[in-house]
Amino acid sequence: MNSRLIVQGGHPLEGTIRNHGAKNSVLPILAATILNGGENILHNCPDLRDVSSAIEILRHLGCRVERSGSDIFVDSAPMDRWDIPDHLMREMRSSVMFLGPILARCGRAHLTFPGGCDIGQRPIDLHLSALSQMGVEIREEGGAIDCRCKAPRGGEISLSFPSVGATENIMLFACACPGETRIINAAREPEIADLEGFLNCGGAHISGAGEYDILIRKGEKRAVEYTVMADRMEAATYLCACAAAGGDLEITDTNPGHYTAVAHLLQKAGCRIESEESRIRIWAPKRLKSIELIRTMPYPGFPTDAQSPLMAALCLAEGTSLFSENIFENRYRHCGELCRMGANIRVEGRVAAVKGVEKLHGAAVRATDLRGGAAMVIAALAAEGCTEITEIEHIDRGYEEIEKVFARVGGNIIRENI
């Protein structure tokens, strides 16, 4: 059944929000449960569409999966398949994370190209090139990828771009390779370090996650119990929402060190922010100030996933802010929807100029993608009047009951079935 969000804007956000577990961490970790051929218990798992899709893939492969609240139990011993059907691959882009562990476990894998939000090219050539160097024979035909590996081998893999997905897939497959695998120019995102933590608990010997080089050696397999890190993009979204709507908001069970680039820019925009080891608090000014230039970059730079939430807030800033999107070329699809609410945005190629307006007004808009949908919620919370947001299945891929989260801190937002 389709749903929509109805938001009555103009209410400041006051109170405390608990940060959920990280979507971009739990997905590769769920794929990694294949490796030990045994039991895995994961804590702090968010209840999201993408997580449900990953669970369906595990069940299709033959694994036994049970969920209780934020805990997920996976027994991968019964796994008896090495293929993923097209309809499951299309559910999310992270489905390609299963390629490495399936190959590591079975020596063969068959899947199609992944789906997910339409925000630009997500070529998996870096994944396939790296696996080929590690002994995998790859055949592509009709949108499908058939891989076989009789003799996996470690080695030195140098990435031309610090791709998060490619780094994770190499780490996962390397757990089955003899010798040492070294990834040069690895992605440095905190989720990479979280995957390292899980794999090491499962018997691997990995070091360097979060740095330029990562070293991986396989070890003895064992059962794993692990707690997933907090979602830094969810926390960044809440901060941007408070900056836009006004108020005083605290986020707990979080790691502010994982999104300092976002917090720094919000401070430049006039917000007061105080943080401790596991909590962060933001006070919004009467009106935000514009930011001269925001460039999306790989971690530890400003994240592309925070671009649209911050843009929604800066639509109300005094002055003009410039965004330069350097990761995905179609990441400005939300701009047209923001303009329906009265925003003044001009897009030319990878640059968006946002001239702040004094107020936004409610309108009928849609969630163009996951983070673009979050931007619509932020703009709606700050706007005058009522906003109706449709196609919210995108939002549900990455935010657990977003309407209940904001309603608990003063947002006038409900979900309706249509």
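Asp-146 is buried, with 7% relative accessibility (buried means under 20% relative accessible area, exposed over 50%, partly exposed in between, with a 1.4 Å probe and protein chains only). Asp-146 lies in strand E8 (residues 144–148) and Arg-108 in strand E6 (residues 108–112), so the pair links distant parts of the chain, 38 residues apart. Strands (E, at least two residues) and helices (H or I, at least four) are DSSP runs, numbered from the N terminus.

The model is predicted: local features need pLDDT of at least 70 and side-chain atom pairs count only at pLDDT 80 or more, while totals for chains, interfaces and linings use all residues. Residues are numbered from 1 along each chain as its sequence is written, and side-chain values use heavy atoms, with hydrogens and water left out.

A second pair also links distant parts of the chain: Asp-213 in strand E12 (residues 213–217) and Arg-182 in strand E10 (residues 180–184) are 31 residues apart. Their side chains meet in a salt bridge at 2.3 Å, N to O. Asp-213 is partly exposed at 21% relative accessibility, and Arg-182 is partly exposed at 30%.

Lys-404 and Glu-401 form another salt bridge, at 3.2 Å from N to O. Lys-404 is partly exposed at 41% relative accessibility, as is Glu-401 at 39%. Salt bridges also link Arg-4, Glu-388 and Glu-416 in a network. Over the whole structure, a search finds 26 salt bridges.

The helix pair comes next. The axes of H5 (residues 125–133) and H6 (residues 164–174) come within 8 Å and cross at roughly 30°. Axes here are lines fitted to C-alpha atoms, for helices over the stretch in contact, and angles run from 0 to 180 degrees between N-to-C directions. H5 and H6 are therefore roughly parallel to each other, the term for angles under 35 degrees. In H5, Leu-126, His-127, Ala-130 and Leu-131 meet Gly-165, Ala-166, Asn-169, Ile-170 and Phe-173 of H6, where contact means heavy atoms within 4.5 Å.

Definitions and conventions:
Parallel < 35°, antiparallel > 145°, perpendicular 65-115°, else oblique. Salt bridge = Lys/Arg side-chain N within 4 Å of Asp/Glu carboxyl O.
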